[in-house]
Amino acid sequence: MFNVMLGTSLVHFYPPKHHARALGILDDILSDDDANVPSLMGRAYILQASKDWVAASELFLRVNELLPDDVEEGLRAREEHAWCILQQGNIVVAENELKAVSEVLDNLEGREVDQARCWWRMGKCAWQAEGLYSLSSPFPTLTLPCRTRAGVPMFHCSSETFSFVCPRFF
């Protein structure tokens, strides 16, 4: 039990600084118990941080299969699985999964932070689906309609749309 707590703590303690150490501990635990949910989640978070979306997605899906009706770890695993799917470019499947997760979260008390994260991720799906934002570019271009107020442009633009570069904060 101590190793499970140590390994999962190292995952979130100044990530990714301690991921190598955490991975060794989590792999030892998983070699003895391949269904240890905290260790599977920790390993998946490490893979997610290293942008290994396919492997992370598989582990999150495995946790979701182990805990299909759990509103804590099982639901979080389902959300993280959807996020990994979005990073792989499958917007429609990711958006549907995130909507299903948000429906459950919206009916739970005290889960405002989880709701906000899930809604933010659904927003990322919408942006990608509209072609307004690309996760692959370090400086994606956001294209917006040119706004007017009483016939006067609010932004200087030469056409009906304008573009600007958005810095990445994620």
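Which hand, left or right, does the crossing of α5 and α7 have? The crossing of α5 and α7 is left-handed, a term used when the near helix is turned anticlockwise from the far one by less than a right angle. This is a predicted model, in which local features need pLDDT of at least 70 and side-chain atom pairs count only at pLDDT 80 or more, while totals for chains, interfaces and linings use all residues. Residues are numbered from 1 along each chain as its sequence is written, and side-chain values use heavy atoms, with hydrogens and water left out.

**Helix α5 with helix α7**

- Helix α5 (residues 73-87) packs against α7 at an angle of about 20°, with the axes 11 Å apart, the axes being lines fitted to C-alpha atoms over the stretch in contact and angles running from 0 to 180 degrees between N-to-C directions.
- That angle makes α5 roughly parallel to α7, a label for angles under 35 degrees.
- The contact (heavy atoms within 4.5 Å) is made by R76, E79, E80, W83 and L86 of α5 together with residues of α7, including D114, R117, C118 and W120.
- The residues of this contact divide into 5 nonpolar, 1 polar and 7 charged.

**Helix α6 with helix α7**

- The axes of helix α6 (residues 91-106) and helix α7 (residues 112-130) come within 9 Å and cross at roughly 155°.
- α6 is therefore roughly antiparallel to α7, which applies to angles over 145 degrees, and α6 passes α7 in a left-handed crossing.
- Among the residues that make the contact are I91, L98 and L105 of α6 and W119, M122 and C125 of α7.
- The residues of the contact of α6 with α7 divide into 10 nonpolar, 3 polar and 5 charged.

Methods:
Helix = DSSP H or I, 4+ residues; strand = E, 2+ residues; numbered from the N terminus. Parallel < 35°, antiparallel > 145°, perpendicular 65-115°, else oblique. Nonpolar A, V, L, I, M, F, W, Y, C, P; charged D, E, K, R; others polar.
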